[in-house]
Amino acid sequence: MIRSICFACLAMVALSGCDSGAGDAAQETAASDRQSAAPPPPPQLPGQMVRSFAGTDLPALVFEDPQGNTLDLGALDGPVLINLWATWCAPCVVEMPLLDTLAGEMEGELRVLTISQDVRGADVVVPFFEQRDFQHLEQWLDPDTDLGVSFAEGGLLPMTILFGADGKEILRVAGDYEWDSEEAIAQLREALAAAESAS
C-alpha cells in the first residue's frame, strides 16, 4: 500500500514537471531557430515515393557485369530506373521479381537497372540470378558500393531512383515497393511525362 502511494506521488511530481512551463522559453527559442533556418528535406519513409531529391544528377560512374561488359551511367540516354540491392537484403530479394515484371511492362519506355551492392560481386550475384527466371533484369555489379555511398542513405536497401532522359532525378523510393502494381506503373509514367513536358 505504502509503495503504491509513493509511486502515485512520484508520478504526480513527474507530470507536474512536464506541465510546469519551466521549459517554455527554451522551447520557444528552439522553435524560432527552426523557423529561421531552411527546413531540411522530409525523412525518407520506407516504401514511399518522394521527390525531395529531384534534380540530383545521375552520377557518372561505370559498372561491370559478370561477363566484363561495362555500363557508363553518365552516357545513358533515355529515362532509367536504378535499383540498388543486395543478395543479403531480404526486401531486395522479394522486390526483384516485381522489378523484372516492371521492366517487361515498361520496355521501350524505361530502362530498369539493378545494381548489386554485394561486396562479393559476381560470386553471389550470378548464382542468385541462376536460381531465378528473370527475363528482363541485367546483372550489374558495384562491389565497391560507390553508388550506395552516393544514394543509399544510412545504408538502407533497396533504394530505387528514377532519372529522366536529362539525367536528373525525378523521384526515389527508400525501401521495398510493389513495382509491378498498376499504381506504381501509372505513377512512373505520369512522373516521366511531367518531366518530359517540363524540359
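Which residues have the most contacts inside the largest nonpolar core? That core, a nonpolar core being a set of buried Ala, Val, Leu, Ile, Met, Phe, Trp, Tyr and Cys residues joined through side-chain atoms within 4.5 Å, has 48 residues, and those with the most contacts inside it are Leu-73, Leu-81, Ile-82, Leu-102, Leu-162, Trp-179 and Leu-188. Buried here stands for under 20% relative accessible area, exposed for over 50%, and partly exposed for what lies in between, with a 1.4 Å probe and protein chains only.

The model is a predicted one, in which local features need pLDDT of at least 70 and side-chain atom pairs count only at pLDDT 80 or more, while totals for chains, interfaces and linings use all residues. Residues are numbered from 1 along each chain as its sequence is written, and side-chain values use heavy atoms, with hydrogens and water left out.

The predictor's confidence in each residue, pLDDT, is given from 0 to 100; its mean over the chain is 81, and 75% of the residues reach 70 or more.

The secondary structure comes to six helices and eight strands, where helices (H or I, at least four residues) and strands (E, at least two) are DSSP runs numbered from the N terminus. Read from that end, the elements follow the order α-α-β-β-β-β-α-β-α-β-α-β-β-α. Of the 199 residues in the chain, 36% are buried, and among contacts between residues at least 6 apart in sequence, 69% join residues at least 24 apart.

S4 runs parallel to S5, to which six bridges join it; two strands count as paired if DSSP finds at least two bridges between them. Along this pairing, Val-80 stands opposite Arg-111 and Ile-82 opposite Leu-113. Strand S5 (residues 111-116) has five of its six residues buried, so S5 too is largely enclosed by the rest of the structure.

In helix H4 (residues 122-130), Val-124, Val-125, Phe-128 and Phe-129 are buried. Seen down the axis of H4, these buried residues fall within an arc of 125°, so they line one face of the helix; the arc is that of the directions from the helix axis to the C-beta atoms. Asp-123 and Glu-130, on the other side of H4, are exposed, and what covers the buried residues includes S4, H3, S5 and S6.

Helix H6 (residues 182-198) has 17 residues and reaches 24 Å from its first C-alpha to its last, close to the 24 Å expected at 1.5 Å a residue, the expected span being 1.5 Å times one less than the number of residues. Ala-184, Ile-185, Leu-188, Ala-191 and Leu-192 are buried in H6. They cover an arc of only 130° around the axis, which puts them on the same side of H6. On the other side, Glu-182, Glu-183, Glu-190, Ser-197 and Ala-198 are exposed. The buried residues of H6 pack against strand S1 (48-50), strand S4 (80-85), helix H3 (90-105), strand S7 (159-163) and strand S8 (169-174). Leu-188, not counting residues up to four places away in sequence, touches Met-49, Leu-81, Leu-102, Met-106, Leu-110, Leu-162, Leu-171 and Trp-179.

The loops complete the picture. Thr-145, in the loop between S6 and H5, has a phi near 55°, a positive value in a residue other than glycine, and counts as partly exposed at 24% relative accessibility. Pro-158 lies in the loop between helix H5 (146-151) and S7, and a cis peptide bond, with omega about -5°, joins Leu-157 to Pro-158. Gly-164, in the loop between S7 and S8, is buried, with a relative accessible area of 6%. Leaving aside neighbours within four places in sequence, Gly-164 is in contact with Gly-78, Pro-79 and Ile-170.

Conventions
Contact = heavy atoms within 4.5 Å.
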